[in-house]
Every structure is written in structure tokens, then in C-alpha cells.
Amino acid sequence: MLWTPKIRLVTVLCSIVFVAGTALQNYVVIDLDLIEASMRLKGVETGDAPAYLGALRLVGNIFIVGNLLGLLVWFRWRWLFWPVLAVNVGQALGVYVVPFEVHRAAIDEHGWPGVLPSLVTDGGAVILSILLIVAYVRSRRLTRTGDPVRL
């Protein structure tokens, strides 16, 4: 797929927001106390909280790097489409993968701003993923020469 100017701009802007939101979630909102509180809400022993925190931060770091890859879309490299789509689909799954208790503990500890980074990054990734898939399908369906389709 060729990157149209609009899709390129939206992808880069979303990637900037997703990097900031994921970093904020990973290093400001999520801490050991929050993980322990979420484990207590779920009725699970808190002894594994440090390992769970480490795993969450590792996943967050992977998404930060993946979203930084989205910034390179500005250079119109075709090969970036699939990795960028995969990162955003993966981040969109956070809506279903992150246990509700983590969000409940974040609200208890930080109020609604505690879940805002996660809502923006995960929800935004859902929207961007759909937009990228639609753009891909339209570009494959509506062009014969491989030229980009204006959206």
C-alpha cells in the first residue's frame, strides 16, 4: 500500500499520541501499589505483583517501540504498513486483555485520569487499525496501477 498524505498524517499523529500515552501509563499510572491493589480486587495473592509489574512494563515498552515505528510512516516506506497495523491491532486488544481490576485500581488511585492513557491508546488503536484496514482494502480494490487512493 502506498501511504496517502491523509493516512500518513493520521498515522504519525496517532503514533505520537500513543507513544506518550503508553509511556504515561507504563511509568506514571502503573506501579507496584496499583498492581497489588488490582490483585486484591481480583482476590489473588499479591506475592507475584513484582513479576506481573515487570511483565506489564515489558509489554508497554514493546508498544512504545512499535508506536515509534509508526512515526517512520512519514517517510512513505511501504514495508511499514504491516508492522504498524500489527502493533495497532495488538494495542487495540488491550481493551480485552487488561483485567478490569487494573482499571478499577487505577481509578481508585488516580481517579478517571488514571485510565485515560489506556483508553486513548487502546481505543485509538482500534480506530486507527480500522482506518488502516479500510485504506488498504480501498487501495487494492480501486486502483489498477497501484497508485494511492484519496480517502
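These legends walk through a few views of one predicted model.

Local features here need pLDDT of at least 70 and side-chain atom pairs count only at pLDDT 80 or more, while totals for chains, interfaces and linings use all residues. Residues are numbered from 1 along each chain as its sequence is written, and side-chain values use heavy atoms, with hydrogens and water left out.

**View 1. The whole chain, for orientation.**
The chain holds seven helices and zero strands, so its elements read α-α-α-α-α-α-α from the N terminus on, where helices (H or I, at least four residues) and strands (E, at least two) are DSSP runs, numbered from the N terminus. Taken along the principal axes, a box of roughly 60 × 25 × 20 Å is filled by the C-alpha atoms. Of the 151 residues, 38% are buried (under 20% relative accessible area, with exposed meaning over 50% and partly exposed in between, for a 1.4 Å probe and protein chains only). The accessible surface comes to about 8,700 Å², and 69% of that surface belongs to carbon and sulfur atoms; these areas come from the Shrake-Rupley method with a 1.4 Å probe. Among contacts (heavy atoms within 4.5 Å) between residues at least 6 apart in sequence, 76% join residues at least 24 apart.

**View 2. Helices α3 and α4 where they cross.**
Here you can follow α3 (residues 49–71) and α4 (residues 81–92), whose axes come within 9 Å and cross at roughly 140°. That angle makes α3 oblique to α4: under 35 degrees would count as roughly parallel, over 145 as roughly antiparallel, 65 to 115 as roughly perpendicular, and the rest is oblique. The axes are lines fitted to C-alpha atoms, for helices over the stretch in contact, and angles run from 0 to 180 degrees between N-to-C directions. The crossing is left-handed, a term for a near helix turned anticlockwise from the far one by less than a right angle, with clockwise giving right-handed. On the α3 side, look for F63, G66, N67, L69 and G70, which meet P83, V84, V87, N88, G90 and Q91 of α4. By class, this contact has five nonpolar, six polar and no charged residues; Ala, Val, Leu, Ile, Met, Phe, Trp, Tyr, Cys and Pro count as nonpolar, Asp, Glu, Lys and Arg as charged, and the others, Gly among them, as polar.

**View 3. Glycine G60 within α3.**
G60 is found in helix α3 and is buried, with a relative accessible area of 9%. Leaving aside neighbours within four places in sequence, G60 is in contact with T22 and N26.

**View 4. Helices α2 and α6 where they cross.**
The axes of α2 (residues 32–42) and α6 come within 8 Å and cross at roughly 125°, and the two helices are therefore oblique to each other. This crossing is right-handed. From α2, the contact takes in D33, L34, A37, S38, L41 and K42, and from α6 it takes in E101, V102, R104, A105, A106, D108, E109 and H110. Six nonpolar, two polar and six charged residues make up this contact.

**View 5. Helix α6 and its two ends.**
Within α6 (residues 100–110), V102, H103, A105, A106 and I107 are buried. Just after α6, G111 takes a positive phi of about 75°. In the loop between α5 (94–97) and α6 sits V98, which is partly exposed at a relative accessible area of 25%.
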